[in-house]
Amino acid sequence: MAQAQGLSKDTIHRIWKQHYLKPHLIETFKLSRDKRFVEKLHDVVGLYLNPPDKTLVLCVDEKSQIQALDRTQPLLPSGRGSAGKRTDYKPMARRTCSLR
């Protein structure tokens, strides 16, 4: 990451520590298989970077015991020497909300 961003390893370490990030403890990462993922990502990031005039941008995240979306399969239990495994989320139709 440091090399890709043109920063020192120490700088990346400080940023991770400041934000309590511990990517070295995460065994897996799943990127969405949604065909429109990049388009949706650009929409969301665009709202934060360049919000339209007179708008309020709210971010809602799922809580640990509240599933916002159904998963494709049930959570697989953890076993001796391995963490619990999660499956992908079921695709969700795009929703928009306009407050006027």
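This is a predicted model: local features need pLDDT of at least 70, side-chain atom pairs count only at pLDDT 80 or more; totals for chains, interfaces and linings use all residues.
**Helix H2 and the residue that follows**

A residue is called buried when its relative accessible area is under 20%, exposed when it is over 50% and partly exposed in between (1.4 Å probe, protein chains only), and by this scale helix H2 is hardly covered. Residues are numbered from 1 along each chain as its sequence is written, and side-chain values use heavy atoms, with hydrogens and water left out. H2 spans residues 9-18, and among its ten residues the count of buried ones is one. Helices here are DSSP runs of H or I with at least four residues, strands are runs of E with at least two, and both are numbered from the N terminus. Tyr20 follows H2 and lies in the loop between H2 and H3. Although Tyr20 is not a glycine, its phi is positive, at about 55°, and with 72% relative accessibility this tyrosine counts as exposed.

Side chains of opposite charge can pair when their charged atoms come close. With a salt bridge taken as a side-chain nitrogen of Lys or Arg within 4 Å of a carboxyl oxygen of Asp or Glu, the count comes to two. One of them joins Lys40 to Asp34, where the closest N and O atoms are 2.5 Å apart.

Leu41, Val44, Val45, Leu47, Tyr48 and Leu49 together form a nonpolar patch on the surface, with about 570 Å² of accessible area (Shrake-Rupley method with a 1.4 Å probe; for residues, only the protein chains shown count as cover) between them. Patches are made of residues with over 30% relative accessible area and no salt bridge, with like charges joined within 9 Å and nonpolar side chains (Val, Leu, Ile, Met, Phe, Trp, Tyr) within 5 Å. Val45, one of the patch members, is found in helix H3 and is partly exposed, with a relative accessible area of 35%.

Leaving aside residues up to four places away in sequence, Pro51 touches Gly46 and Val57, where contact means heavy atoms within 4.5 Å. Pro51 counts as partly exposed, at 36% relative accessibility. Lys54 is found in the segment after H3 as well, and although Lys54 is not a glycine, its phi is positive, at about 55°. With 88% relative accessibility, Lys54 counts as exposed.

**The whole chain as the setting of the close-ups**

Buried residues make up 5% of its 100 residues, and its accessible surface comes to about 10,200 Å², of which 57% belongs to carbon and sulfur atoms. Among contacts with a separation of 6 or more, residues 24 or more positions apart account for 20%. The pLDDT averages 75 over the protein, and 60% of the residues score at least 70. Confidence is highest in H2, at a mean of 92, and lowest in H3, at 86.

Conventions. pLDDT is the predictor's confidence in each residue, from 0 to 100.
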